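User: I am new to this structure and would like to learn how to read its features one at a time. Could you take me through some of them, giving the general idea before the case at hand?

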Amino acid sequence: MFSKFTSILQHAVEALAPSLPLQEDFVYHWKGITHYYIETSDDKAPVTDTNIPSHLEQMLDILTQEEAERESGETGPCMEYLLHHKILETLYTLGKADCPPGMKQQVLTFYTKLLAHIRQPLLPHINVHRPVQKLIRLCGEVLAAPTENEEIQFLCIVCAKLKQDPYLVNFFLEVGSCEKKCGAFIKVLNVWNKSKRPEVKSPAAAEGGKDGVLAPDTGQSQADHPGEPQAAAAAAATSRPAANNNNTNNYNLVTSLLNLTKSPDGRIVVKACEGLMLLVSLPEPAAAKCLTENTELCELLTDRLVSFYKALPPSMDPLDIETVESVNWGLDVYNLKEDAAVFTGKRALISFLSWLDYCDQLIKEAQKSAAAVMAKAVRERFFVSVMEPQLMQTSEVGILTSTALLNRIIRQVTSEALLQEIVYFLLGEDKEAETLATVAQNPLRHRLIEHCDHLSDEISIMTLRLFEQLIQKPDQHILHSLVLRGLEERNYLENKPQEEREPLENGQPHDAVDLEEDPLFGDDLSPDSRLSGSDWLGSSPQHSPDHSKSDGKTEVHKIVNSFLCLVPDEAKSSYHVEGTGYDTYLRDAHRQFRDFCGVCQRWDWRGSPKPLEKCNLDMPFFEGHFLKVLFDRMGRILDQPYDVNLQVTAVLSKLSLLPHPHLHEYLLDPYISLAPGCRSLFSVIVRVVGDLMLRIHRIPDFTPKLLLVRKRLLGLEPEGVTVDHSTLLEGVIVLEEFCKELAAIAFVKYHAAASSSP
């Protein structure tokens, strides 16, 4: 009580007394602090019962006022006094001893405000960055310490200063060998001298530069005493060579932040993670290397990810996993009762997705080499060690849950480095064309593709969704691994010399089946399906109907008509329902194709098919495991559940949208001459239609039943009596819609190519 009264009295005296020059006032307040330690006999009284907090606050105010009154970059006498008399060193010692109790908190606050409020660069001064480095090491030593809030504020302001001037981070790498110490310090000083910063006029800075070149500060114990001359730091380099002869760096700033990420206070954890985010983004290669090699950052990321994953329930509804709200790291709100009421495991799922988002963002912001190391660590320590056994298990419930989680992970990841590692984990790194002998070379890839044709429809659908998500990600290796490497040589085409081939009539062999004249398909297109009824076709360039384009592309109207006429009229039902014509797919196809082009434009994809004379057409053709499974599924479209058919066609339509000439030719050109034993998407559909024509006649009242099923699927008719052959009827509807979608895609791609050509 007496000391508080004394403090109040002192403030009153200061207010009434005439103002002293700033330097005298500054020295007065500093001596007020030092005199306390000389005069006091009670070192157990808390610091808040003394005048020390008031003196420190006044010193900060004086320094701020002094800077405001001077030209930018000019160091005033108060700042020179602080630097020359190593006040920060002394304060560090007092804070480390925490004498009187609470002094550490006051010192942390003083450092934080000094770095935050003073605009001129302070960290290059040896008498600033040395004590700052030492104080950093005191942070995070004790979990849930009373000074945690001040510690994290101090660390974050240091991180912010390093973000402004990234080269200063070299001051905070404690280099192991003497040679590296000198080299690192000289490098920083060189960068500092070359930068276009105003010269700092300070005797202390000159003194620090003089001695610092010989012995940069590394926070070693010899310098812990504030009164010790700076030459002691130089002596340390020669007096203990054996102790420092390991070429390792200690990144104490990262270590302290990592310690604080374990705090029970969520706000401290978030701030610590934000500090790490700033540090990983620094472009300095030495800092990036030290970050990944000499800290436990990678372990923190992966161990916590594994921990959150293992906290998930062993079985979860895939719909819950897919639809749970998107979570941005650090912004998730904890409400145990509400989360449990929605579905069991929601809180654990949000925690996992939230930390995944942090890992993703951290790797996305990180310096390139650090990002690669962190992403590889996530792959090895999480995906390979934890997720792969889950995906390879035989329990259907486990497969379904882990596949749904993997799908959600892929959907959420945006960092290039992490996505690449996930892709290599799932698909392997092979680039050579697949053969039947090498299909099972990568067990996980093989298993996932096989799951697209699993006995469980739920697993098939979820795995197909996984691949649909995967092929939309901006990674070239995904598409090369799944489909393109098998089409590279175009050996799906018939390999005959030109003179041995049949003469072409209207762009096709004379004995080829003209689908428009085939009795199976009929001449009359439904009104909704006629090409002339679409505004999109008004801008389509006119081409001669009696020959193919000179660049080898089959005329678009023939391709579009081929797909639209595939399903015979007696099996069509869309023209009975308004708004279900071919033109309804054009807008979506245009938007999706534009999006795919935006993703693929930076890849080295060829603009036209590889010339046949450069292709190895004698090599046996294998479409690849993925396309094989999709074609097999497509061939059973009349006998599969509606949801499975929707997902199979969704994946095939995404592949058809890709702007690669070989994929376009193989999936969307009905008029290519296939090599013996080869099949294309069009040939698979033709076989399905042939099977359909045989089965239609066995079903009485086929057309009315087909129309009823379509209306029920659209919600235009209430569910009633079960319709016979509903699976087949639903398959016919999906087939018709898929053919219209392929026709729309073919037209949009042709229209885009024609618009971009000169």
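Analyst: Let us begin with a pair of helices, H23 and H28, which are roughly parallel to each other, where an angle under 35 degrees counts as roughly parallel, over 145 as roughly antiparallel, 65 to 115 as roughly perpendicular and the rest as oblique. This is a predicted model, in which local features need pLDDT of at least 70 and side-chain atom pairs count only at pLDDT 80 or more, while totals for chains, interfaces and linings use all residues. Residues are numbered from 1 along each chain as its sequence is written, and side-chain values use heavy atoms, with hydrogens and water left out.

User: At what angle do helix H23 and helix H28 pack, and how far apart are their axes?

Analyst: Axes are lines fitted to C-alpha atoms, for helices over the stretch in contact, and angles run from 0 to 180 degrees between N-to-C directions; helices (H or I, at least four residues) and strands (E, at least two) are DSSP runs, numbered from the N terminus. Here H23 (residues 457-471) and H28 (residues 642-657) pack at about 20°, with axes 9 Å apart.

User: Which residues in H23 and H28 meet?

Analyst: Contact means heavy atoms within 4.5 Å. Among the residues that meet are Ile 461, Leu 464 and Ile 471 in H23, and Val 644, Val 648 and Leu 655 in H28.

User: What else does Leu 655 touch?

Analyst: Leaving aside residues up to four places away in sequence, Leu 655 touches Ile 471, Leu 479, Val 483, Phe 626, Leu 627, Leu 630, Leu 663 and Leu 667. Leu 655 is also one of the residues with the most contacts inside the largest nonpolar core, which has 213 residues; such a core is a set of buried Ala, Val, Leu, Ile, Met, Phe, Trp, Tyr and Cys residues joined through side-chain atoms within 4.5 Å. Helix H32 (residues 726-756) gives the most to this core, with 16 residues.

User: How do the axes of H28 and H32 cross?

Analyst: They come within 10 Å and cross at roughly 10°, and H28 and H32 are therefore roughly parallel to each other.

User: Is Thr 261 buried or exposed?

Analyst: Buried means under 20% relative accessible area, exposed over 50%, and partly exposed in between (1.4 Å probe, protein chains only). Thr 261, in the loop between helix H12 (252-260) and helix H13 (266-280), counts as buried because its relative accessibility is 1%.

User: How many of the residues in the protein are buried?

Analyst: Buried residues make up 53% of the 758 residues.
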